[in-house]
Amino acid sequence: WGILLLAAALGGMAAAHCPAPCVCDNLRAHVLCLNGSLVAIPDTIPELTKKLDLRGNSFTAIPAGAFLATPYLTHLDLQHCKVERLEEGAFRGLGRLVYLNLASNSIALLYQESLDGLSSLQQLILEGNRIEEIQPGAFGHLGSLTVLDLRANALVYLPDMVFQGLQVLRWLRLSHNALHVLGSEAFAALPALRRLSLDHNELQALPGEALARLDGATWLDLGHNPITYVAEEALAMASLRHLFLDHASLQDVAPDAFARSPQLRMLDLRENQLQGLPPLAGAGGLARVSLDGNPLLCSCLLRPFHSWLARARVQAEGACAAPPALRGRPLDSLKTPEMRCNRLRPPPSPPTPSQQPRAAGSRQCPRGCVCSPDFHHGSCENRDLREIPQHFPADTRLLDLRRNTFGTVPPDAFPGLKELVSLHLQSCGIRALQPGALRGLESLVYLYLTDNHLSTLAAAAFEGAPQLAYLDLDHNAFARVPAGAFQLLPSLISLHLQHNAIGELAEGDLAGARGLRWLYLAGNAIRHIAPAALAPTKLLEKLQLEGNHLVEVPTAALQGLPALSELKLSRNPIRSMGDGVFLPVASSLQHLYLDNMGLEQISPAAFAGLGPKIRSLYLESNKMSNIPNMSNFTGLEILNLQDVPFHCDCQLLPLHRWINKLNLCVGATCGSPAKAHGLKVKLSTTFQSCPGWGRGEAGEANPEKTKAASKFSKKKRSGKSPARGFSKSRA
């Protein structure tokens, strides 16, 4: 009793000093100062405070000794506080702090002493800042840290020993940066690391030397990097069990690529550009390899890999893309005699270095450029070149000419490069791709022309490049899709035309693009899509139209797309949706994005035909007060209803019942009536007066839940949308 009385007395003391506009919970020693107008850390916060939540204020800088008056803090949240600088010694005195969240600020640099004094810190969240540089020693005082989150910053380079001092760090999250150079000793000081996230960066080769320092790491995510090739013994990680190389630019994997990672069990190679794989010698422990979304050529060339799968008892996920007779067939259903080679020479798979013939004189390299004989790469990036250089080695497979000033690509610009597979011409000031510019590039599969000044293209520009499958024209000056330009590209699979100035999609624009599967048109000014505009693309699987000017769902244009599985209409000014707007693709659609549209009304039959196949539905940040019955959406894995002002009256009772049965975080919140404003739809008590509210309803038989609802209705709730994409906890 004496202890309780003392605690009460201390709580009373704290209550007397609770600064405005904060709310103090004395019993739990919590202080909340949310979404206010604070421009400095309050100096009257109760000394015994353990958890301090300052989200949504405007501090600009955290000065030295800012929290000296609250030495008992264990949790500190500074998200969305417009912080630009952490002064040296900003957190000095917080020796008990275990959790620090600085996400979604504008921090650009971490100094050596910025995080001094945080000897007990276990989790540091720096996601969504502008960090470009980390000075060596910045983490030197964080000897207890187990999780470091640096996602979504502007890191380009990691110097040697940059993480020195993090002796017990177990998870390092570096996703969504711009990393393309890693020091060979960048990870040398991380003996306890088990999980490393490097996805969504700019790594063009697997950083094997840096990764070799991680003897204990079991999980490595390198997805969404422009890695084109995995070389022999490229990965030497003794404990690695899970490797993600999905959504990269892989064209080939060497047979011995993983021979020095003997514990590898799961290999994710989804959504690459692999036509096949060799038997993966040395990967004796491999149990599963995922190849979904690759253009697999199930000819006689795939027989060695297929036989190895059976011998090694490896489960393979993936399906044939060619030949036509086997298209769509799962790998595990194939029989060896079915994998035949015709007399016609099949499209070449990029050869491994051991298979590649070395032509006489193939080791020449233009002055000022770098040519790698091991990887068959040539690079003249950012050399202030005015003309496209020539005389690269004849066996060059990847040529990087980014960030030069060519202006135009003339005819026969790449002589003698019959083996070239990937050509990078981003940010080169190109205004014209002349007829015959790619002539002779008979093996070219990938062409990157992002960030140029192209406004038109003629079909003759692609003459002589019949294998071209991936064409990236994002961030150019197209006012319309270059009609007929794809007539000579029978192998085109993926077309990027994002962030141009395209105003409409007209009939004939995509003529000749018969094999197109992925069409990206986000960030244009498209107001209209002609009913027959997409007719040539009968194999289309993904259609991304977010951020355009559409005012209605282009239902007529969706006719004749039996394979469409993903449709993105986010950020279009579509205010209402009528009956059956998705009927043409109802049998195939799996992922539907309808968020941030200002959507005010959805017809009760708008989702007619959709059902168990739908896996993800995004409706967040709209203005409707109700949604149609979706009780037959039994396959949902993601449903986002955040920031929708639902009117929580009896008409919403079916939605309330349905989402209470879902094992999903949907974020649905009441916007009205006033007594329910801000309350989660799941917790609202307004439904208890509705006809049909019976025994067993959520809330009626659970007084604690009703009590919690009353409590939460007084608080302004906030949170993040569920992670989009493959559900493997990589975000």
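In this predicted model, Cys-22 and Cys-33 are joined by a disulfide with an S to S distance of 1.9 Å. The torsion about their S-S bond is about 105 degrees, so this disulfide is right-handed. Cys-22 lies in the loop between helix H1 (2-16) and strand E1 (23-25), while Cys-33 lies in the loop between strand E2 (30-32) and strand E3 (51-53), 11 residues apart. Both Cys-22 and Cys-33 are buried.

The count of disulfides comes to 8; the table gives the sulfur distances of some, including the pair above.

| Pair | S to S distance |
|---|---|
| Cys-22 and Cys-33 | 1.9 Å |
| Cys-369 and Cys-380 | 1.9 Å |
| Cys-650 and Cys-690 | 2.2 Å |

The link of Cys-650 and Cys-690 is left-handed, with -95 degrees about the S-S bond. Its ends lie 40 residues apart, Cys-650 in the loop between strand E44 (645-647) and helix H4 (653-661) and Cys-690 in the loop between strand E45 (669-672) and helix H5 (703-712). Cys-650 is partly exposed at 37% relative accessible area, whereas Cys-690 is buried at 5%.

Cys-81 has its closest cysteine sulfur in Cys-33, 10.0 Å away, which is too far for a bond. Cys-81 is buried, with a relative accessible area of 0%.

The protein chain as a whole contains 5 helices and 45 strands. Of its 731 residues, 51% count as buried. On the surface, Val-156, Tyr-157 and Val-181 form a nonpolar patch with about 240 Å² of accessible area together. Val-181 belongs to strand E14 (residues 181-182) and is partly exposed, at 36%.

Methods. Residues numbered from 1 in each chain as written. Predicted model: local features only at pLDDT ≥ 70, side-chain atom pairs only at ≥ 80, totals over all residues. Heavy atoms only, no water. Patch = residues over 30% accessible without salt bridge, like charges linked within 9 Å, V, L, I, M, F, W, Y side chains within 5 Å. Areas by Shrake-Rupley, 256 points an atom, 1.4 Å probe, with all protein chains shown as cover. Salt bridge = Lys/Arg side-chain N within 4 Å of Asp/Glu carboxyl O. Helix = DSSP H or I, 4+ residues; strand = E, 2+ residues; numbered from the N terminus. Buried < 20%, exposed > 50% of the residue type's maximum accessible area, 1.4 Å probe, protein only. Disulfide = S-S within 2.5 Å.
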